[in-house]
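Subject: Handover of a structure, with notes on helix packing and salt bridges

Dear colleague,

I am passing the structure below on to you, together with what was found in it. Please read the notes with the coordinates open beside them.

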Amino acid sequence: MAFRKRSTSGSKPQLKEKVVQIYESFFKGEDLSKDNENFWDEFFLLKPKVSYIESEIEKLTAEQLVLLQDNIRLLFIKCIETFDCKHQLRIIFSLKTLTCLVSSLYKKFRIDPTFEFMSVLVVPKDSEIVFENLLGKCNSMLREPECAIIKDLCLQFLLTLVSGTDNLNENSALCHLMTNSVFEPLTEVLSNNIYQTYHGYDSILLLTLLMNVETAKKTNPYVVKLSLLDKEETLNGYSQIIRWSLEEICQQYRSEEIAQYSNNTWFNTFTTVVSNMLFVPETTEEHNIEVPREIRSMSGILIALYEAVHYNRNFMTTLTHCHKSNNYESHPSVMQQTQSISTNIDLKSPTDSQFSNLLVTFFQYCSIVMQDIKNEGNANNSMLCFVILSSITDDQFANSLMHDMNLQFKVDLYRLPTRRYMFVPDKTPKPLAAALLDLMIEFMLGHMMKKLPLDQYMKCISIIHRIICYQKRNSVRLCYNWKDLWSSLITLLKFLMTYEHQLSQDMNIYDLGIQIVNIFNLFITYGDMLLPSPSSYDELYYEIIRMHTVFDNIYVLSSRNSSAISEHKLSATKLSNCLINIRAIINHYVPKIDNWLEKNSVTTPVGEDILEVVRNNYDTLTLKLLDCLGSFEPNKTNQDSSSSSLIKLMVSKVVKDTRQSLKHSNTDLQQILQNFSLYSNPP
């Protein structure tokens with residue numbers, strides 16, 4: 001052992017670790033292995049000092065690293081060769097060293113993009129062979145029933161390799177991952193009940209990033225393989241990991257909601273009473289529940305769900321597949337390893353033992369993330385949720401599952417306690433299509449503001465439109481309180497009309513108005529095929545007549561803008577034309593109701609009186625058959641272009657988040673030393 005200099009305080013000299021001595025020689029350009037054939041076997045039995053390697057590479061300039069490239073290449077190759085040994089500790093330490101080396105060189109590249117770190121890491125002419133060998137051994141480590149820690153560290157290395165640059169397409173190492181696929185071993189991890197618990201999150205995250213790499217052939221091999229994947233256990237594992245991740249956020253929000261409620265119940269009651277006595281308007285900011293910070297880091301999981309729903313037709317079968325907590329805790333080797341690595345995994349196992357499915361959990365997550373969309377991260381996540389829901393409602397099989405009366409679930413949609421509108425979702429078990437309609441109504445009523453999120457509203461109304469079109473095509477009568485939907489749509493129309501002057505300066509609100517009105521036209525034209533009873537059809541007319549001033553004002557507004565010189569002239573013209581049947585109903589019934597009131601000397605009619613007038617005058621009502629009400633443009637033809645910029649933006653954020661959260665910088669190596677010999681050997 002060497003000694004450091006004595007400190008000026010006169011204390012004893014500090015011992016320098018052997019591995020640090022080797023590092024010092026390494027970064028001086030010395031090769032200690034020349035005269036010692038057992039050097040590398042001994043070296044990889046020494047606990048690596050990751051922080052020292054990182055700090056030394058950070059100190060060196062790009063020119064100095066180029067001068068050290070022979071040593072760096074040698075270390076890189078020897079790390080790879082060590083993967084073949086049977087000694088688990090050597091493999092663990094070589095993975096740690098390799099990950100740290102690659103991560104530090106990437107960091108140098110991000111600071112100085114002119115630094116050609118890949119040529120420093122491996123001889124350019126040998127790079128294809130070296131990476132083929134490296135990735136082949138990574139495949140073996142992920143496939144074989146190795147120590148769980150080795151699988152974990154292997155995934156960390158691959159994630160480090162993929163997330164090294166902010167832009168995936170600027171990462172020169174990824175071309176090797178395109179030609180030497182790790183898709184199969186990752187999906188095998190997802191297929192195994194035990195492996196998916198410990199390594200599922202990292203596996204899905206890695207797949208997600210690899211699927212978003214642009215290739216020269218314009219066809220990403222990981223996307224192709226995902227689209228063809230049809231193994232039920234793999235798809236269920238993929239679904240299970242996503243559900244666990246979303247459920248963790250829901251549980252965290254639920255616990256914060258309970259804590260907030262219990263802390264403020266007495267105080268809220270007291271302040272409400274005092275406010276009512278003093279006529280002081282109640283504040284809406286103080287009692288909001290803060291949306292968990294982790295929601296903003298869920299982008300990777302949401303993109304993974306988007307990729308599966310968008311590209312894999314078979315994945316739709318897993319949406320309503322009931323999951324329960326797996327009995328992975330009962331496996332003896334896993335029980336031994338739980339304490340050692342549970343703090344190092346991103347995905348916590350579910351704490352509930354109730355049956356649930358991905359779609360139920362996803363709806364609940366959507367109700368949380370859609371509450372606060374003023375934050376950019378939440379707004380992006382919320383928009384991606386709408387894109388995913390659009391793909392689901394665009395699928396015939398997924399729609400059949402959501403409308404199946406034999407598949408009823410209780411879906412707890414969350415809402416801010418400060419929301420004061422009258423709509424309260426029914427919490428009894430019901431078909432998932434009904435829960436989705438509740439979710440869309442919640443969004444509609446909760447985000448009417450002057451900075452209107454128009455794109456999200458367009459998606460929201462489009463999803464409702466798709467659900468109704470499915471019901472019309474298949475003559476499905478969903479048992480649902482449609483009045484909630486109609487009144488919410490009318491409320492939104494009223495908001496657009498009230499703030500038309502401010503909103504139309506920044507956006508085209510007439511296209512949104514067209515979508516809303518066409519939903520009413522669908523019910524008017526095909527209500528006898530959709531609504532559960534004739535009385536529901538009567539209630540539709542009642543709502544239109546009751547709120548006729550809103551439709552009258554919307555018609556006046558659109559007509560005025562259709563005749564004026566305006567950038568939204570065409571949309572305004574279409575909106576006024578869409579109102580033809582609604583205006584026919586209003587013009588037909590309002591005079592008859594007035595005559596009935598005058599004839600019966602009634603000044604304040606009850607609802608049943610109006611409904612009776614409606615029922616007695618259907619025969620004399622003339623309506624036009626409008627075209628294309630039951631059709632829409634499929635997502636598959638337009639979603640790639642409309643969503644690509646959002647996905648790219650979110651992928652860039654996921655890359656940065658992944659890099660920051662990688663565990664190699666803070667993994668407790670002493671804990672690994674104590675537990676490296678533990679294996680998981682699933683049946």
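A salt bridge is taken here as a side-chain nitrogen of Lys or Arg lying within 4 Å of a carboxyl oxygen of Asp or Glu. Please keep in mind throughout that this is a predicted model.

With that criterion, a search of the whole structure finds 22 salt bridges, and a few of them deserve a description of their own. In one of these, the side chains of K49 and E17 meet with an N to O distance of 3.2 Å. K49 sits in the loop between α2 (39–43) and α3 (50–59), while E17 belongs to the segment before α1 (18–27), so that the pair links distant parts of the chain, 32 residues apart. K49 counts as partly exposed because its relative accessibility is 31%, and E17 likewise counts as partly exposed, at 38%.

The loop that holds K49 also contains P48, which is found between α2 and α3. P48, at 5% relative accessibility, counts as buried, the cut-off for that class being under 20%. The C-alpha atom of P48 is separated by 7.2 Å from that of K96, although the two residues are 48 apart along the chain.

A second salt bridge joins the side chains of K137 and D84, at 2.7 Å from N to O. This pair, too, links distant parts of the chain, with K137 in helix α8 (residues 127–143) and D84 in the loop between α5 (69–82) and α6 (88–111), 53 residues apart. K137 is buried, its relative accessible area being 11%.

Elsewhere, salt bridges with shared partners join D538, E608, E612 and R615 into one network.

The crossing in which α8 passes α9 is left-handed. On the α8 side the residues that meet α9 are F131, L134, L135, C138, M141, L142 and R143, and their counterparts in α9 are I150, K151, C154, L155, F157, L158 and L161. Divided by class, this contact of α8 with α9 has 12 nonpolar, no polar and 2 charged residues.

The other pair to look at is helix α24 (residues 509–530) with helix α25 (residues 534–546), which pack at an angle of about 150° with their axes 10 Å apart. Since angles over 145 degrees count as roughly antiparallel, α24 and α25 are therefore roughly antiparallel to each other. α24 passes α25 in a crossing that is left-handed. F520, F523, I524, G527 and D528 make the contact from α24, and Y537, L540, Y541 and I544 make it from α25. By class, the contact of α24 with α25 comprises 7 nonpolar, 1 polar and 1 charged residues.

Key. Residues numbered from 1 in each chain as written. Predicted model: local features only at pLDDT ≥ 70, side-chain atom pairs only at ≥ 80, totals over all residues. Heavy atoms only, no water. Axes fitted to C-alpha atoms, helices over the stretch in contact; angles between N-to-C directions. Helix = DSSP H or I, 4+ residues; strand = E, 2+ residues; numbered from the N terminus. Parallel < 35°, antiparallel > 145°, perpendicular 65-115°, else oblique. Left-handed = near helix turned anticlockwise from the far one by under 90°. Contact = heavy atoms within 4.5 Å. Nonpolar A, V, L, I, M, F, W, Y, C, P; charged D, E, K, R; others polar. Buried < 20%, exposed > 50% of the residue type's maximum accessible area, 1.4 Å probe, protein only.
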